[in-house]
Amino acid sequence: MTHSARRPLIAGNWKMHNSLAESVALARAVADVRIGPRTDVVVAPVFTALSAVAQALVGTPVGLAGQDLHWEPKGAFTGAISAPMLKDVGCSHVIIGHSERRQYFGETDESVRNKTLAALRSGLTPIVCVGETLAEREGGITFEVIGRQLDAVLNACESSEIAAMVIAYEPVWAIGTGRTAKSSDAQLAHAFLRDRARHKHAEAADRTRVLYGGSVKADNAAELLAQPDIDGALVGGASLDAETFGRIIRAAG
Ligand code: PGA
């Protein structure tokens, strides 16, 4: 399968930003963007805004994503939200293993694997984040790190699940720093990740979408998205402004 046969996905990760009213207004503005017929768009508001944003997006092509989930469907897990609950509120996608979760909230390869399986088995599309820190890149172990992070998930998945999941390559040193990976370096990492998935299941890996994340902006999106193994973007800061996010969406086609 070629690059152009995979539908690009542009995902906006709003992180811990926006009140209820601001979230709804931003979602409405994103829904007003002229989205190409072959491009998928999702936004990930804070949990407290999911329900209101879901209402605002009814009848629009923009999908809804959670920023995290717990792998158990329910139980005594104070503060957590499960896959069936995200489905219930109208989510189609969920971000898993974001580097901020790994760095500040004790997310491990094992919890990322459990969460990914829970999402897939509830019919949510997981957006599984992997990425190396600056020290790891400078230490020459980028591929070792992202290969380990991805294998932890792939080793537990069926081929159909590999095809259904979305992987996001997000070099930690590029997140929120204004430092984007060079498109050629990003392409190398993406090709490596797809190859890793190909080892598990060749045909499924051709269908897996691999997004780039880390300081994606309106003026660098087109070049990144033109790379053969970059199938979309996971956008943080630039997704908080509908005009800018709209330009990134249009760069996808
Ligand atoms: P950024 O964040 O676009 O602000 O760098 C990306 C992300 O954390 O997903």
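A polar side-chain atom of lysine 15 lies 2.7 Å from an oxygen atom of the ligand, a polar contact being a pair of N or O atoms within 3.5 Å. This is a predicted model, in which local features need pLDDT of at least 70 and side-chain atom pairs count only at pLDDT 80 or more, while totals for chains, interfaces and linings use all residues. Residues are numbered from 1 along each chain as its sequence is written, and side-chain values use heavy atoms, with hydrogens and water left out.

| Residue | Atom of the residue | Distance to a ligand oxygen atom |
|---|---|---|
| Lysine 15 | polar side-chain atom | 2.7 Å |
| Glutamate 170 | polar side-chain atom | 2.7 Å |
| Serine 215 | polar backbone atom | 2.7 Å |

On its own the ligand has 280 Å² of accessible area, of which the protein covers 97%; such areas come from the Shrake-Rupley method with a 1.4 Å probe. Around the ligand there are 13 residues, and Lys15, His98, Glu170, Gly176 and Ser215 come nearest, where a residue counts as near if one of its heavy atoms lies within 4 Å. By class, this shell holds four nonpolar, seven polar and two charged residues, with Asp, Glu, Lys and Arg counted as charged, Ala, Val, Leu, Ile, Met, Phe, Trp, Tyr, Cys and Pro as nonpolar, and the others, Gly among them, as polar.

The largest pocket has a volume of about 360 Å³. A pocket here is an open set of points on a 1 Å grid over the protein atoms alone, where a 1.4 Å probe fits and protein lies on both sides within 12 Å along at least five of seven lines, and lining residues have an atom within 4 Å of a point. Of the 13 residues lining the largest pocket, Lys15, Met16, Gln67, Arg101 and Phe105 are the closest to its centre. By class, the lining of the largest pocket has six nonpolar, three polar and four charged residues.

Methods: A polar contact is a pair of N or O atoms within 3.5 Å; within protein, one must be able to donate a hydrogen and the other to accept it, and residues adjacent in sequence count only if both atoms are side-chain atoms. Grid points are joined across faces, edges and corners, and a volume is the space filled by probe spheres set on the points.
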